[in-house]
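Visitor: I'd like to learn how to read the features of a model like this one. Could you walk me through it?

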Amino acid sequence: MQAIQSTFMQHIADHGLSYGTIEEYNFRLNIFSGIDAEIQAHNQTNSTYTLGHNFLSTMTEGEKKKLLGYVAPIVPTEVTTFPTANDAEVNWVTKGGVTPVKNQASCGSCWAFSSTGGMEGAHFVATGTLLSFSEQ
């Protein structure tokens, strides 16, 4: 255990780390020890590459994900249920649920036009009011 603490202290110095409590120190030491065991096990194989410690060696998986920009998906808490249509087909133009044709010109933003069209339609079905959303 003394060897890993010495290696850990060198890691702290190399990366300018500081832990405010003994609990935090022990928590990070435990993470570092697990990573160190994986590194040592791998480096004892005849692999074509070796592993070593870096600034990530004391981070939790959650901290690493956050560092890489991970954002947890938002799970909706409410679900809107639309009434079942009895019609065999629906003409949304005659029902007033379609905005006039828009000209995207040569901007290449077909994705924006299709997105706003879909949202306009969903808003119309949900509220009965047709709005023209901006693609900008």
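Guide: Gladly. Helices here are DSSP runs of H or I with at least four residues, numbered from the N terminus. Keep in mind that this is a predicted model. As a use of that numbering, Phe82 sits in the loop between helix 3 and helix 4 (110-127).

Visitor: Let's turn to helix 2. How many residues does helix 2 have, and what is its reach from first C-alpha to last?

Guide: Helix 2 covers residues 22-43, which makes 22 residues. Its reach is 30 Å, close to the 32 Å expected at 1.5 Å a residue.

Visitor: Which residues of helix 2 are buried?

Guide: Buried means under 20% relative accessible area. In helix 2 that holds for Tyr25, Arg28, Leu29, Ile31, Phe32, Asp36, Ile39 and His42. They lie on the same side of helix 2, because they cover an arc of only 165° around the axis. The face turned away from that buried side carries the exposed residues Glu23, Asn30 and Glu38.

Visitor: What covers the buried residues of helix 2?

Guide: The cover includes helix 1 (2-15) and helix 3 (61-67).

Visitor: Arg28 is on your buried list. Which residue forms a salt bridge with Arg28?

Guide: The general idea is that side chains of opposite charge can pair when their charged atoms come close. Here the partner of Arg28 is Glu63, with the closest N and O atoms 2.7 Å apart. Arg28 lies in helix 2 and Glu63 in helix 3, so the pair ties together parts that are 35 residues apart in sequence. Arg28 is buried at 10% relative accessible area, while Glu63 is partly exposed at 30%.

Visitor: How many salt bridges are there by this rule?

Guide: The count is five. Another one of them joins Lys64 and Glu61, at 3.5 Å from N to O. Both lie in helix 3, three residues apart, about one turn of the helix. Lys64 counts as buried at 18% relative accessibility, whereas Glu61 counts as exposed at 54%.

Visitor: And where do the partners Glu120 and Lys102 lie?

Guide: Their closest N and O atoms are 2.6 Å apart, forming a salt bridge. This pair links distant parts of the chain, with Glu120 in helix 4 and Lys102 in the loop between helix 3 and helix 4, 18 residues apart. Finally, salt bridges with shared partners join Glu24, Arg28 and Glu63 into one network.

Note on methods:
Residues numbered from 1 in each chain as written. Predicted model: local features only at pLDDT ≥ 70, side-chain atom pairs only at ≥ 80, totals over all residues. Heavy atoms only, no water. Helix = DSSP H or I, 4+ residues; strand = E, 2+ residues; numbered from the N terminus. Expected span 1.5 Å × (residues − 1). Buried < 20%, exposed > 50% of the residue type's maximum accessible area, 1.4 Å probe, protein only. Arc of directions from axis to C-beta. Contact = heavy atoms within 4.5 Å. Salt bridge = Lys/Arg side-chain N within 4 Å of Asp/Glu carboxyl O.
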